[in-house]
Amino acid sequence: MPLWNIYHPPSTFVDDASKQALARDILPFYTAIGLPAFYVVVNFIPMPAGTMYIGGERNDESRARPFVRFALDHIAVHTPDDDAQYRRVRERFEEIVKPHVADKGYSWEFHVAETERRLWGIDGFAPPPWGSEGEKLWAEKNEAVPWEDKK
Amino acid sequence: MPLWNIYHPPSTFVDDASKQALARDILPFYTAIGLPAFYVVVNFIPMPAGTMYIGGERNDESRARPFVRFALDHIAVHTPDDDAQYRRVRERFEEIVKPHVADKGYSWEFHVAETERRLWGIDGFAPPPWGSEGEKLWAEKNEAVPWEDKK
Amino acid sequence: MPLWNIYHPPSTFVDDASKQALARDILPFYTAIGLPAFYVVVNFIPMPAGTMYIGGERNDESRARPFVRFALDHIAVHTPDDDAQYRRVRERFEEIVKPHVADKGYSWEFHVAETERRLWGIDGFAPPPWGSEGEKLWAEKNEAVPWEDKK
């Protein structure tokens, strides 16, 4: 459900270990509120020199710091329309990515698009409601399995 | 108008024929409600081993089934805010992709973002309203041509 | 803040100069309303033959004109819900890209997704409000620096 597309120059996230480390560190962001770990999909999309521009300038060695752009889609759970709650999500995001960007001398930007939960499916199933028994089952199995909503 | 971005491991949609077969099978999803076929744009974005993670795990041969992630944008027509209608869109989607994912032993996930129709353009034109004479003309020509809205 | 993802066949935007020219020409679209130039991020994502389909057809030399797909995210400022304002944004977009697509014999499509400003961050900062002193500071420095909102 969260889909993370990470557009990055090849000088960042060079080896698979650095990619997987980030992909794993973000799991608690979602599993802490009960979402199954397998909901979290992360795509690292390398942007070779000359294909990515910030303010019209190339994202290459001419920059003081390489720039990484995170584009997130949130589907299962939306942030309530409340300044404090949005701030909390933002701060949590920054806390998680810090070791993977700031601490490595990278510059970064992120934004989140929230999309309609009812236009979402995994392996042919409509995912169980947030906080439901079905969701607990999915989290436990860590895969999409038949579930029934007991209202 | 629908834009389909399909993030897939190289072990899936290996040849062009398998890509084009999917791109063609989804057309009726849209043309059945009068939309021109050329609105349907499908991007297959290959994700080499080590660039895509599900629940922190690599999307490679270590998984039981390769995982394909569909990210759709719908612009021309939005689903009415009604559970039954959303369910119908979801079921139609699953029906269409089944031969291309489930039947091939893949795992898959999709979600749809619906965006503002008035922030959309093709070849310099604002596309004609849904169900209009202009849209019928575009569907018939299967390209963007001058049209006039006769209210 | 605006994130431009440009999906294009390799026969278009062949050299870096043509990419950078577009990336620079779009800056005034945003800086004219006070936004810092470094907010503007442009990704050119090449789509080799066989990976991109329009109406089920390959986006290759079999087409009369190569097709370029612009997918934009707007975060900092949303267009007011007003037909005339949406038209103005559309016309401004077309004016800017014309030399880079129409005048080169390409076909093109764009759409804009508008996402929640409060789910957005740069270098660990929440960007300053539109039109604020903080934003003027960021525009002047052309980078994310500590700022304080003086209400």
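Strand E6 (residues 107–114) of chain A and E7(C) run antiparallel and are joined by three bridges, where strands pair if DSSP finds at least two bridges between them, and strands (E, at least two residues) and helices (H or I, at least four) are DSSP runs numbered from the N terminus. Within this pairing, A:Glu109 stands opposite C:Ile122 in E7(C).

This is a predicted model, in which local features need pLDDT of at least 70 and side-chain atom pairs count only at pLDDT 80 or more, whereas totals for chains, interfaces and linings use all residues. Residues are numbered from 1 along each chain as its sequence is written, chains are lettered from A and ligands numbered from 1 in the order in which they are written, and side-chain values use heavy atoms, with hydrogens and water left out.

| Quantity | Value |
|---|---|
| Residues in contact (heavy atoms within 4.5 Å) | 31 residues from chain C, 32 residues from chain A |
| Buried area (accessible area, 1.4 Å probe, lost on being put together, summed over both parts) | about 2600 Å² |
| Salt bridges (side-chain nitrogen of Lys or Arg within 4 Å of a carboxyl oxygen of Asp or Glu) | five salt bridges |

Carbon and sulfur atoms give 53% of the buried area, and C:Arg118, C:Leu119 and C:Asp123 supply 28% of the area that chain C buries against chain A, more than any other three residues. C:Arg118 also meets A:Asp83 through their side chains in a salt bridge, at 2.7 Å from N to O. Elements giving two or more residues to the side of chain C that touches chain A are strands E1 (3–8), E2 (41–46) and E7 (120–122) and helix H1 (16–25) of chain C.

Notes: Buried area = accessible area lost by both parts, 1.4 Å probe.
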